[in-house]
Structure formats: structure tokens, C-alpha cells
Amino acid sequence: MSTPPPGTTSGLAALLTGAAWGSAAMGAGLILADVDSPLRVPFTLFLLVGAPALSIGAALGRTTPLARAVVALAGALALDLLVAQAMLALHLWSVRGGTLAVAALSGAVLLLTALARARRAARARTGRAG
């Protein structure tokens, strides 16, 4: 069995990433629908830490796995704290608002990462450097 090329994920890593995004989406759904469930807190905590960490980890690309995990976790906690601080300072704090803000910022980081990778791939196909 061969190893995947650098910068790509194996089947197991892709499966785990998909499951993590599914758990984060479940947390967002439970919060936004205001469902009273014992699973609401763990899924929401996973959304608040996991979604930004996965987005930042995807943006880091070809760093070592340990460095990527440490930086992604620190970045996720920093993003959560910045969102909370900004919402408190503006007197806009709510659970739903904080959850939506963290999810939106995580999605934006993931989207920008995907766009940057697509741009690099297009440049590589046309033979331009940069």
C-alpha cells in the first residue's frame, strides 16, 4: 500500500474530518433550533472549538501534524475569545449570536483556504509561478 502524496489526506483522515464537521453542524443545529437535549452541550462545545481548529488546521497545509494541531487549537481558542470579547464590548452577546459568529468565521477561513488552493492549482496547470 502506497502513502498519499504530500498535502493530501488519507481516506481515514478525510472520514474523521467529515465526522468532525458533522458533529459541529449538529451543535449548530441544536443551538439554533433551541433543542433541549443532553447532547446539546457536547456538540456545541465541539462546534466552538472544533470548527475553528479544523479550519485553521486546513489553512496551515503542509506543516507537521503536531505543529498544526497545537497552532489550530490555540487559534480556535483565540477566535472564540475574540468573538466573545467583541460581542460583550458591543453589548450584543447571545448564545445563538456567538455560535453563529464562530461558525461564520470558521466557514470564511475554510472558504478562503479552498479558494487559495484552487488558485494555486490553476496557476500550476497553466505553468505560471507564484
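**Entry 1: helix H3**

I began with H3, where the buried residues (under 20% relative accessible area, with exposed meaning over 50% and partly exposed in between, using a 1.4 Å probe and protein chains only) are Ala72, Ala76, Asp80, Val83 and Met87. I worked on a predicted model, in which local features need pLDDT of at least 70, side-chain atom pairs count only at pLDDT 80 or more, and totals for chains, interfaces and linings use all residues. Residues are numbered from 1 along each chain as its sequence is written, and side-chain values use heavy atoms, with hydrogens and water left out.

I then looked up what the buried residues of H3 pack against, and found H2 and H4. For contact I used heavy atoms within 4.5 Å. I checked the length of H3 as well: its 25 residues should span 36 Å at 1.5 Å a residue, and the end C-alpha atoms are 36 Å apart, which agrees. The expected span is 1.5 Å times one less than the number of residues in the helix. After H3 I noted His91, with a positive phi near 55°.

**Entry 2: the whole chain**

I listed the secondary structure and got 4 helices and 0 strands, in the order α-α-α-α along the sequence. These elements are DSSP runs numbered from the N terminus, with helices (H or I) of at least four residues and strands (E) of at least two.

I read the confidence next: the mean pLDDT (the predictor's confidence in each residue, from 0 to 100) is 85, and 90% of the residues reach 70 or more.

For the overall dimensions, I found that the C-alpha trace spans about 50 × 35 × 25 Å along its principal axes. Of the 130 residues, 18% are buried. The accessible surface comes to about 8,600 Å², and carbon and sulfur atoms account for 73% of that surface. These areas come from the Shrake-Rupley method with a 1.4 Å probe, and for residues only the protein chains shown count as cover. Of the contacts between residues at least 6 apart in sequence, 53% join residues at least 24 apart.

**Entry 3: helix H2**

I took H2 (residues 40–60) next; its 21 residues reach 30 Å from first C-alpha to last, close to the 30 Å expected at 1.5 Å a residue. I also recorded a kink of about 30° in H2, centred on Leu47. The bend at a residue is the angle between axes fitted to the seven residues ending there and the seven starting there.

Leu47 is itself on the buried list for H2, along with Thr44, Gly50, Ala51, Pro52, Ala53, Ser55 and Gly57. The cover over these buried residues includes helix H1 (11–32), helix H3 (65–89) and H4. I looked at Thr44 individually and found it buried, at a relative accessible area of 10%. Leaving aside neighbours within four places in sequence, Thr44 is in contact with Gly27 and Ile31. Just after H2, Gly61 has a positive phi of about 65°.

I searched the whole structure for salt bridges (a side-chain nitrogen of Lys or Arg within 4 Å of a carboxyl oxygen of Asp or Glu) and found 1. Arg40 forms a salt bridge with Asp34, with the closest N and O atoms 3.2 Å apart. Asp34 is partly exposed, at 47% relative accessibility.

Arg40 came up again when I looked at Val35, which lies in the loop between H1 and H2. Not counting residues up to four places away in sequence, Val35 touches Leu30 and Arg40. Val35 counts as partly exposed, with a relative accessible area of 34%.

**Entry 4: helix H4 and Ser106**

I finished with H4, which has 32 residues and reaches 47 Å between its first and last C-alpha, close to the 46 Å expected at 1.5 Å a residue. Its buried residues are Gly98, Thr99, Val102, Ser106 and Thr113, and the buried residues of H4 pack against H1, H2 and H3.

I examined Ser106, in H4 (residues 95–126), and found a relative accessible area of 1%, so Ser106 is buried. Which residues does Ser106 contact, leaving aside its neighbours within four places in sequence? I found Ala51, Pro52, Ser55 and Leu79. Of these, Ala51, Pro52 and Ser55 are also among the buried residues of H2.
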